[in-house]
Amino acid sequence: HKVKKKSLKNDAPIEIQGISEEAFTAEEIALMPVVFAYHCDDAESEQNAKIATLDYEVEQSRLKRKAAAATDESNSSSGQVASKRKPASPAKSVNSTEDETERVPADDFPGGWKMQSVPRTKVAGKKPFDTYYYSPKLGLKFRSRPEVKRFIALLDICDDDEEKAFAIFKGR
């Protein structure tokens, strides 16, 4: 597969050669990394590329969950029991029975992040508790490690402004 691009030096086209898409299976293509490019001298372009990357990762996670749910559904129709799980979404911490358990440092994340394990009232799945993560400055509540990782990436873009990062995070 050949693509013609303009050279940076003299605007003369240069050829970039690669392997044709048809040479790969759909599974191989799905496993290939996706990169969003940006202009080096344009901070907004770089921010948009980072956000596009996060959006892509979120969409891939959603597709995996959807495929897993379809598998669970087909298993349940064949008599096997499938666990129903509500999609995770971040929310500000509010006073509830969750606040009765202790929040401890989340060692896997940068300084100040806390985590809390809350016993489930009905143990339907494999684990008898839910783990929540809280941001260092505002105490924003997240329900999964992938959510925290996406939020931390947004914090890098937003100069550690949790309010701004959370507004972008919620906008997805």
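Where does D160 sit in the chain? The place of D160 is in the loop between α3 and α4.

## The overall layout

What you're looking at is a predicted model. The chain has 172 residues, and 20% of them are buried. In total there are four helices and seven strands. If you walk along the sequence, the pattern goes β-β-α-α-β-β-β-β-β-α-α.

The crossing itself is right-handed.

Which residues make the contact? On the α3 side they are E147, R150, F151, L154 and L155, and on the α4 side E162, A165, F166, I168 and F169. Sort the residues of this contact by type and you get seven nonpolar, no polar and three charged.

## Rings that pair up

The structure holds ten aromatic pairs. One of them joins F109 and Y133, with 5.5 Å from centre to centre and 90° between the planes, an edge-to-face arrangement. F109 belongs to the loop between β4 (104–105) and β5 (114–119), while Y133 belongs to strand β6 (residues 129–134), so this pair ties together parts that are 24 residues apart in sequence. Are these two residues buried or exposed? F109 has 8% relative accessibility, so it counts as buried. Y133 is also buried, because its relative accessibility is 6%.

Now for W113 and F151. Their ring centres are 6.1 Å apart and their planes sit at 80°, so this pair is edge-to-face too. W113 is in the loop between β4 and β5 and F151 is in helix α3, so to speak a link between distant parts of the chain, 38 residues apart. W113 is buried, with a relative accessible area of 3%. F151 is buried as well, and its relative accessible area is 0%.

Ring pairs also link up into a cluster made of F109, W113, Y133, F142, F151, F166 and F169.

Now we return to the stretch we started with. Most residues other than glycine have a negative phi. D159 is placed in the loop between α3 and α4, and it is exposed, with a relative accessible area of 69%.

What about D160? Its phi is near 60°, again a positive value in a residue other than glycine. D160 has its place in the loop between α3 and α4. With 43% relative accessibility, D160 counts as partly exposed, because that label covers values between 20% and 50%.

Terms used: Residues numbered from 1 in each chain as written. Predicted model: local features only at pLDDT ≥ 70, side-chain atom pairs only at ≥ 80, totals over all residues. Heavy atoms only, no water. Left-handed = near helix turned anticlockwise from the far one by under 90°. Helix = DSSP H or I, 4+ residues; strand = E, 2+ residues; numbered from the N terminus. Contact = heavy atoms within 4.5 Å. Nonpolar A, V, L, I, M, F, W, Y, C, P; charged D, E, K, R; others polar. Phe/Tyr/Trp six-rings, centres within 6.5 Å; stacked < 30°, edge-to-face > 60°. Buried < 20%, exposed > 50% of the residue type's maximum accessible area, 1.4 Å probe, protein only.
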